[in-house]
Amino acid sequence: MSERSCLAVILAAGEGTRMKSSVPKVLHPVGGLPMVAHVVRAASSAGVGSVALVVGRGAQDVEAAVRPFAQHVSIHVQTERLGTAHAVLAARSAIASGFDDVVVMFGDTPLVDAAALGKARAKLSAGADIVVMGFHPADPAGYGRLVEHDHKLFAIVEDKDANPDQKKIGYCNGGLMAISGKHALSLLEAVSNMNAKGEYYLTDIVSIGHARGLHAVSVEVDAASVLGVNTRVELAEAEALFQAQTRKSMMLAGVSMIAPETVFFTWDTEVGTETTLEPNVFFGPGVKIEGGVTIKAFCHIEGASVAAGAEIGPYARLRPGADLRAKSKAGNFVEIKKAVIGEGAKVNHLTYIGDADIGAGANIGAGTITCNYDGYNKHMTQIGAGAFIGSNTALVAPVSVGANAIVAAGSVITRNVPDDAIAYGRARQEMREGGALHLHARNKAIKDNKKSK
């Protein structure tokens with residue numbers, strides 16, 4: 001099957017009206033990735049070499065969302081919406097190019113399973129001409145029924161057209177199809193009878209194919225794989241299923257979760273084995289966590305990499321560009337952005353580190369801030385290996401602190417600190433004996449005077 005050429009025709013022209021959104025429906029994200037991009041990724045994983053994207057409004061944005069996940073993409077604009085068969089024929093020129101297999105998919109089915117697509121293609125390779133992906137819903141009402149006999153598919157009967165016996169069938173049409181490339185175009189063009197809604201249904205090609213003596217079969221898939229999203233309620237359902245699937249695969253791969261239902265992943269999150277995730281952890285896009293990491297409760301991590309043995313949180317935020325090296329630590333109420341935290345370095349609490357390079361073994365005291373932004377440009381802070389930065393320190397970038405240097409607590413550092421030096425950047429402490437008594441008396445008098453008025 002790997003040598004067979006395959007085209008995926010992906011219908012992505014949904015308007016998003018029922019979403020109550022100005023954004024095309026297929027661009028709404030599940031797991032941080034537009035739904036249509038999930039579909040294209042699944043197609044690519046199933047060996048699809050080319051994608052024909054049937055689009056409507058927002059065509060450029062839809063194309064941009066899928067380009068990173070497919071080698072060859074052609075765009076076909078659907079000017080009228082006259083049913084699924086009509087939509088597929090919008091990609092007539094691509095279908096006519098002579099592919100062995102043509103797979104019809106929908107841009108609003110983000111959980112489509114690449115393995116199921118592979119099974120459907122295998123059926124074509126074994127001699128089938130039409131393969132329909134079916135499933136067993138808890139309640140078949142409203143779904144088209146797959147009418148089969150002796151492992152052959154004869155027709156797909158819409159729920160409203162089904163007779164009492166057909167309504168008893170629990171095996172339903174999932175919508176996705178794989179069609180032999182040599183028959184695809186002629187079958188689609190034969191769907192000439194509009195239904196009561198004035199639409200041409202893709203499902204009619206099964207009965208057309210049967211009348212021509214072609215071989216139609218089905219492949220059963222999981223219900224989630226054909227879950228279509230039309231509303232924000234269904235979008236939330238798809239998100240919940242995506243998260244449940246991802247949590248399960250993570251745990252089976254050796255990741256521990258104390259409360260899995262509170263941990264949220266993105267489509268590209270990577271977490272190594274023997275990592276522990278405490279409750280209420282959120283991963284945004286672009287996160288790579290190596291093995292043996294501990295991420296404590298209430299952390300938000302996005303666009304960051306964390307090396308083996310590091311410890312994060314609780315209540316830490318790692319923003320894009322955060323790079324924590326092996327056995328480093330970012331503790332509670334720490335925010336790190338576009339910064340390297342060297343091996344074994346500690347940023348324990350109440351600290352902002354942005355646009356910085358922290359050397360191995362350095363210790364960053366509580367309340368430290370890298371003042372990286374002057375209102376127009378960002379500037380770097382360099383801290384050498386083994387340096388000790390005292391609590392409540394402001395490092396005004398661009399600035400560097402050398403290896404093994406010490407910065408006294410409460411300092412504002414505006415000049416470079418050499419290796420092994422101690423830097424004090426604070427005002428001299430002064431004391432006035434008995435001054436507190438005078439100040440208390442003055443403040444009390446002001447308060448009493450206000451009360452008397």
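What you are looking at is a predicted model, where local features need pLDDT of at least 70, side-chain atom pairs count only at pLDDT 80 or more, and totals for chains, interfaces and linings use all residues. Residues are numbered from 1 along each chain as its sequence is written, and side-chain values use heavy atoms, with hydrogens and water left out.

**Pockets**

Let's start with the largest pocket, which holds about 1600 Å³ of space. A pocket here is an open set of points on a 1 Å grid over the protein atoms alone, where a 1.4 Å probe fits, with protein on both sides within 12 Å along at least five of seven lines; lining residues have an atom within 4 Å of a point. The volume is the space filled by probe spheres set on the points, which are joined across faces, edges and corners. Its lining counts 47 residues, and Lys-25, Thr-84, Phe-106, Asp-108 and Asn-230 sit closest to the centre. Strand S1 (6–12), helix H3 (84–89), strand S10 (172–180) and helix H9 (232–252) each give two or more residues to that lining, with S10 giving the most, 4 residues. Helices (H or I, at least four residues) and strands (E, at least two) are DSSP runs, numbered from the N terminus.

The second largest pocket comes in at about 440 Å³. Of its 21 lining residues, the closest to the centre are His-38, Arg-41, Val-112, Phe-242 and Gln-245. Helix H1 (35–45) and H9 each supply at least two lining residues, and H9 has the largest share, with 5.

**Surface patch**

Phe-298, Tyr-315, Phe-333 and Leu-350 make up a nonpolar surface patch with about 420 Å² of accessible area together. Patch members have over 30% relative accessible area and no salt bridge, and nonpolar side chains (Val, Leu, Ile, Met, Phe, Trp, Tyr) are joined within 5 Å. The areas come from the Shrake-Rupley method with a 1.4 Å probe, and for residues only the protein chains shown count as cover. Phe-298 sits in the loop between strand S17 (294–295) and strand S18 (299–301).

Two cis peptide bonds turn up: Gly-313 to Pro-314, with omega about 5°, and Ala-397 to Pro-398, with omega about 0°. Pro-314 falls in the loop between strand S20 (311–312) and strand S21 (317–318), while Pro-398 is in the loop between strand S29 (394–396) and strand S30 (399–401).

Asn-280 isn't a glycine, yet has a positive phi of about 60°. Lys-338, in strand S23 (residues 329–341), also has a positive phi, near 50°.

**Salt bridges**

The whole structure has 15 salt bridges, each a side-chain nitrogen of Lys or Arg within 4 Å of a carboxyl oxygen of Asp or Glu. Here are some of them.

| Pair | Closest N to O |
|---|---|
| Arg-325 and Asp-323 | 2.9 Å |
| Lys-444 and Asp-448 | 2.9 Å |

Glu-335 in S23 and Arg-319 in the loop between S21 and strand S22 (323–324) are 16 residues apart, so the pair links distant parts of the chain. Lys-444 and Asp-448 are about one helical turn apart because they lie 4 residues apart in helix H10 (residues 435–452).

Key: Patches are made of residues with over 30% relative accessible area and no salt bridge: like charges are joined within 9 Å, nonpolar side chains (Val, Leu, Ile, Met, Phe, Trp, Tyr) within 5 Å.
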